[in-house]
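Here is a guided walk through a structure. Have the sequence and the 3D view open as you read.

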Amino acid sequence: MAKKALTQPMYYILLSLKEKRHGYEIMQFIEWLTEGRVKVGPGTLYSLLSRFEDDRYIDMVSDDDNKKTYIITDIGKEILDEEIERLSQLLEDARYVKGGNEDEFQNRK
Amino acid sequence: MNFKIENNYLNITNYPSMEKHFEKMANKGWLISKIIMGSVFIYKKIEPEELDFSISPYEVETSYSRKTKEELEEFQTVCESVGWNYATKSYDLHIYFKEKGMDAVPIQTDEEEEFKTLELLAKKQLKAQYFQIPLFILLAWMNIGRSFGSVYGMRDGLTQIVSFLISVGIILAIINVVDLRGFLKRNRKNIDLGKNIEFSDSKYYRFKICFILFHIVIISFIIYLLYSAIILKNTILLMALIPSLIGITIGTLYRIYVKPSKKSISYKKKVLAITLVTATVISIWIGILNIGVLANRESKLNIDGYRVLSINDFIDTDVEEDFRELRENVSILISKSYDYSSYSRGGVVDTEYSQALNESIAKNLVNRYKGEGENRIIGRNSRELEFMFENGIYDSYLGRTGLTEEDFNNLKNKDTKEAVNEALEITKHKSIVEDKDNLWNLDEAYFLNLDKSEIVIRKGKEVFFLGGEDFSNPEIIEIVKDRLELN
């Protein structure tokens, strides 16, 4: 069975943890990166951080002033890279079709 | 009043409709400030305001982990940073509010992720219910079964309260399981099809009624405990609660110190297992200790004001009672009751006094004593009768059950089971007899065994069970009636 794709918030949270960040920073980073297109609410964020920590996709690196700081692990990086690869293929397919190459399908014999 | 209490229901299946409800309440000047057991809502008075509410699932506790105070504060701080003010929480549902129209990032921004959290919470609740329902059924079998037919069930308040509690508990648990399973089934499909989560907008009257009953029973339970402990000085009941208190204390220590720690799950599983075993062992040990303490209890009882029999009422010279025991109780149907046993080397005399709420209940209690008398006859004689019929022997033992040699000969050629049942009927018929000669001159009087050393008597709404003397002897009857103020 094929691996299930990451949801949009999962993808952006893992992406934002290439650097050490705490919860609020992650939200701000995602908003900045997507120019406000994607917003991750605190409920979604903290539920996912708990799950990622349990699955060892991320590690907590510090816990100062009631702010936990996380970073992505090697397992998390692998998952993220696979997702980036999957998304690239999706994009490539879309560009191919939009580029008017569909005729090749009709002439494939 | 600066606060308002409401009976309502909040769970993962209906929180969007509760958000609207809280908005309406804020419009009327009431802000939700605390929720107890998901059903008692406490509001504080505010200036009427137009507020938006957001209830967000965020798992706080599992069997092996629990969010620390700092973790919850961090979550709260981040919610506040994006414009939401914390109101309160109910289990794993966190309630926030903001001014209507104010721009703020929603607390939940992805329905698929929100549903995953809800799924975890629903599974957790279901697991708890699957564990609770068999326990409730076991307790129901132990408590409700004995409430319906027995003397104890009618006279013991705790049994009656616990029976109600269990009944309501079972109904609540079953409704909750059906509700949660329906919610999960419906929404797994919705999420797979990319649709929105479908919440219930039901008024949940079933839950609300059950919760009202549940709270009434809990309050009755507390009142009963306090009344029994303080007024009736029922130390046995309090001692019986010690194992529960130990269990709760050990469980609470596990929640506070082990769950939030950074230790591995396997470590926590081991600690949980040790915790459960320790709580069980201590509870059993305390239970045994209780029995020991009670068995050795020789208290200086003051029985003035109690209508009970003493061994000294039936002998010429006063003897020191080796052991005396007085137990008081109160129940919904029997407003006052006490049992007294007076022991000495000369024998034992028992008194059970009950004051029923009305005569009809008192009559019912008499019938229960008769029923238990029959059960005792069956319990004492079944095996011996079976042995005698299997071997075709009639001996003196059977004579003591009231079965004559003629009765035995009439039955011995029948199938053993049939013969035993018919013999028991004869024994019951001869043992449990009404005071036809009106020796007692009361509303009701039934001897409960062949030698008439057990009797149940009723005068109005008062019922006495007596044991230990020949209660068909006019002299004894006179002493008893005088002592028990039945003249």
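The crossing of helix 2 of chain A and helix 3 of chain A is right-handed. A crossing is right-handed if the near helix is turned clockwise from the far one by less than a right angle, and left-handed if anticlockwise. This is a predicted model: local features need pLDDT of at least 70, side-chain atom pairs count only at pLDDT 80 or more, and totals for chains, interfaces and linings use all residues. Residues are numbered from 1 along each chain as its sequence is written, while chains are lettered from A and ligands numbered from 1 in the order in which they are written.

Helices (H or I, at least four residues) and strands (E, at least two) are DSSP runs, numbered from the N terminus. The axes of helix 2 and helix 3 of chain A come within 10 Å and cross at roughly 115°. Axes here are lines fitted to C-alpha atoms, for helices over the stretch in contact, and angles run from 0 to 180 degrees between N-to-C directions.

Which residues meet at this crossing? A:Gly23, A:Ile26 and A:Met27 in helix 2 of chain A meet A:Leu45, A:Tyr46 and A:Leu49 in helix 3 of chain A. Two residues are in contact if their C-beta atoms, placed from the backbone, lie within 7 Å.

Now look at helix 2 of chain A by itself. Its buried residues are A:Gly23, A:Ile26, A:Met27 and A:Ile30. Seen down the axis of helix 2 of chain A, these buried residues fall within an arc of 100°, so they line one face of the helix. The arc is that of the directions from the helix axis to the C-beta atoms. A residue is buried if 20 or more other C-beta atoms lie within 10 Å of its own, exposed if 12 or fewer, and partly exposed in between. An α-helix has 3.6 residues a turn, so residues three or four places apart point the same way.

The buried residues of helix 2 of chain A also reach beyond their own chain: helix 2 (69-81) of chain B is among their packing partners. The contact between the chains takes 18 residues from chain A and 22 residues from chain B. The largest share of chain A's side, seven residues, comes from helix 3 of chain A.

Chain B has its own landmark. B:Ile242 is found in helix 7 (residues 235-258) of chain B. With 15 C-beta neighbours inside 10 Å, B:Ile242 counts as partly exposed. The C-alpha atoms of B:Ile242 and B:Glu444 are separated by 41 Å.
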